[in-house]
Each structure stands twice: as C-alpha cells, then as structure tokens.
Amino acid sequence: MKCQGCKEDVDEVVAIKVNGRKKKLCEECAEEAEMAGEIEEGALDAMRDMMDFKGKW
C-alpha cells in the first residue's frame, strides 16, 4: 500500500482524519499529522483567548 503523505510503499497504513478528511498514512506521517493538529488547535485556543472570543469557530 502507498502512504498518502510521503507516497512511499509501506506494509501498514493507518486511517486518520486530517482537516475533516480521512487519509491513509504510514505510522510516521500519522504521528506528524497528529502533532500538527495539536499545534494548530493550541494556536487557535491562544487566538481565542487573546480576542476574548466566547463562541465556537
């Protein structure tokens, strides 16, 4: 199978949601995508706190 992130042939792929879409990634790319999602969520939370935003995005 091919990883949709790095385009390399791998033995196993993991299905993960990235930006609302499911992607089949190798374990390394899946970890990187999860970390990037956590960083993005933290940045959005910081922006909400700075703007005193009380609703949802």
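Of the 57 residues of the chain, 11% count as buried. Buried means under 20% relative accessible area, exposed means over 50%, and partly exposed lies in between, with a 1.4 Å probe and protein chains only. The structure is a predicted model, in which local features need pLDDT of at least 70 and side-chain atom pairs count only at pLDDT 80 or more, while totals for chains, interfaces and linings use all residues. Residues are numbered from 1 along each chain as its sequence is written, and side-chain values use heavy atoms, with hydrogens and water left out.

The chain exposes about 5100 Å². Carbon and sulfur atoms supply 50% of this area. Accessible areas come from the Shrake-Rupley method with a 1.4 Å probe; for residues, only the protein chains shown count as cover.

Along its principal axes, the C-alpha trace spans about 45 × 15 × 15 Å. Among contacts between residues at least 6 apart in sequence, 5% join residues at least 24 apart. Contact means heavy atoms within 4.5 Å.

The chain carries 10 positive and 15 negative side chains. The centres of the two sets lie 11 Å apart. Lys and Arg count as positive and Asp and Glu as negative; His and the chain ends are not counted. Each charge is placed at NZ of Lys, CZ of Arg, CG of Asp or CD of Glu.

The secondary structure comprises 1 helix and 2 strands, in the order β-β-α along the sequence. Helices (H or I, at least four residues) and strands (E, at least two) are DSSP runs, numbered from the N terminus. Strands β1 (residues 14–18) and β2 (residues 21–25) run antiparallel and are joined by 5 bridges. Two strands pair if DSSP finds at least two bridges between them. The strands form a hairpin with 2 residues between them. In the turn, asparagine 19 has a positive phi of about 55 degrees. Isoleucine 16 has lysine 23 of β2 as its bridge partner. Alanine 15 is likewise bridged to lysine 24 of β2.

Lysine 24 counts as partly exposed because its relative accessibility is 43%. Leaving aside residues up to four places away in sequence, lysine 24 touches Lys2, Cys3, Gln4, Val13, Val14 and Ala15. Its C-alpha atom is separated by 37 Å from that of aspartate 52, 28 residues apart along the chain.

Aspartate 52 lies in the segment after α1 (27–51). With a relative accessible area of 54%, aspartate 52 is exposed. The C-alpha atoms of aspartate 52 and glutamate 41, 11 residues apart along the chain, are separated by 16 Å.

Lysine 7 is found in the segment before β1. Its relative accessibility is 56%, so lysine 7 counts as exposed. Lysine 7 is not a glycine, yet has a positive phi of about 65 degrees. Most residues other than glycine have a negative phi.
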